[in-house]
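Here is a short report on a protein and its ligand. Look at the structure first, then read on.

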Amino acid sequence: MKKRLFSGIQPSGDVHIGNYLGAIKNWVRLIDQYDCLFCIVDYHAITIEYDPKEMQRRIFNAAAVNIAAGLDPEKCTIFVQSHVPEHTELAWIFNTITPIGHLERMTQFKDKSKQHRENINAGLFTYPVLQTADILLYKGEVVPVGEDQVQHIELSREIARKFNMRYGEIFPEPQEILSEAPRIMGLDGKTKMSKSLGNYISLVESPESIWKKLSTAVTDENRKRRTDPGNPDICNLFTLHKYFSKKEQIERINVVCRTAEIGCIECKKILSENMVEHLTPICLKYERLIKNTDSLVNILQTGAKRCRRMAEETMIEVKKKMGLV
Ligand code: AQP
């Protein structure tokens, strides 16, 4: 029996290279090792303002991009959170054992409250409780995520422990798995690359747009003139070179940037070419998939069917333990 892996992505905008390097690449790497469930978490995405007319497109987009990036639906289960009602049912139960103080400490809640001052809703606050339900409904043991989600996974362990102590042992304590790129910074070099901040390169960005975005991206801010020596250690784009460029190029740039033999523009051009080369197969596959919505619907329905069966079984167990049957 393979251990179960659960992970999710919000259909809150374009899937970007931060999501890819921080999470999706790891999902693809682990697909044969675990029984993998990948969830498009639409109930999480509605905690911020959105256009209902856009949501369906975003859900298909998230499914197609992830499949194009390597999530083979023959090898894993891909589904939409709202297609399995037990997610919110279990979240309600977990709400009753989660201290408010723990939720108040969550960095993402603090950040998002600042970002969306006009809409600090209860869903944003209890987001990590629903996330815990997402994972534990399927008794997920491992959760590959970016660094921003580690605090939430810690909380999910606490909730699992508390439930098990109070009502009896049911749930595993999930463990996060981080990728080699757990936190990709945005093109401003200052904030985490995020769908909602618009500081990203999408996974299916056109070559022209990749170049346009990279050409204005922040590098080593101390390097004012072309003749100034640069410092790759503090250059956000050098970090991206590490994931998209060839080993010899990275080694060379690491030297010639420091001696000012290469300028930022040339360095960005190399990165842009390599990024286009890396992302082109994903873009081409995405274009084919997104045109065939029937096939996407079929994949998501098959996924939801499997997940509903598992979710029903868990809820029967949970309710029995809690004396609710
Ligand atoms: N910048 C990042 N670097 C590394 N990993 C990242 N992840 C997100 N941003 C980065 C990881 O991608 C997975 C899916 O993320 P999500 O869709 O659940 O939501 P998020 O973490 O809130 O991502 P965004 O892009 O910042 O979305 P918005 O702007 O809507 O909040 C997760 O495993 C995440 O850690």
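The text below covers the ligand, its surroundings and a salt bridge.

This is a predicted model: local features need pLDDT of at least 70, side-chain atom pairs count only at pLDDT 80 or more, and totals for chains, interfaces and linings use all residues. Residues are numbered from 1 along each chain as its sequence is written, and side-chain values use heavy atoms, with hydrogens and water left out.

**The shell around the ligand**

The ligand is surrounded by 23 residues, each with a heavy atom within 4 Å of it. The closest are His16, Lys112, Asp148, Lys195 and Ser196. Seven shell residues are nonpolar, eleven polar and five charged. Here Asp, Glu, Lys and Arg count as charged, Ala, Val, Leu, Ile, Met, Phe, Trp, Tyr, Cys and Pro as nonpolar, and the others, Gly among them, as polar. Helix 1 gives the largest share, four residues.

**Polar contacts**

A polar contact is a pair of N or O atoms within 3.5 Å.

| Residue | Distance |
|---|---|
| Histidine 16 | 2.6 Å |
| Asparagine 19 | 3.1 Å |
| Lysine 195 | 2.4 Å |

**A salt bridge**

How many salt bridges does the structure hold? There are 15, each a side-chain nitrogen of Lys or Arg within 4 Å of a carboxyl oxygen of Asp or Glu. In one of them, lysine 192 pairs with aspartate 148, with the closest N and O atoms 2.8 Å apart. Lysine 192 lies in the loop between strand 5 (175-177) and helix 10 (207-215), and aspartate 148 in the loop between strand 4 (142-144) and helix 9 (150-167), so the pair ties together parts 44 residues apart in sequence. Helices (H or I, at least four residues) and strands (E, at least two) are DSSP runs, numbered from the N terminus.

Note on methods. A polar contact is a pair of N or O atoms within 3.5 Å; within protein, one must be able to donate a hydrogen and the other to accept it, and residues adjacent in sequence count only if both atoms are side-chain atoms.
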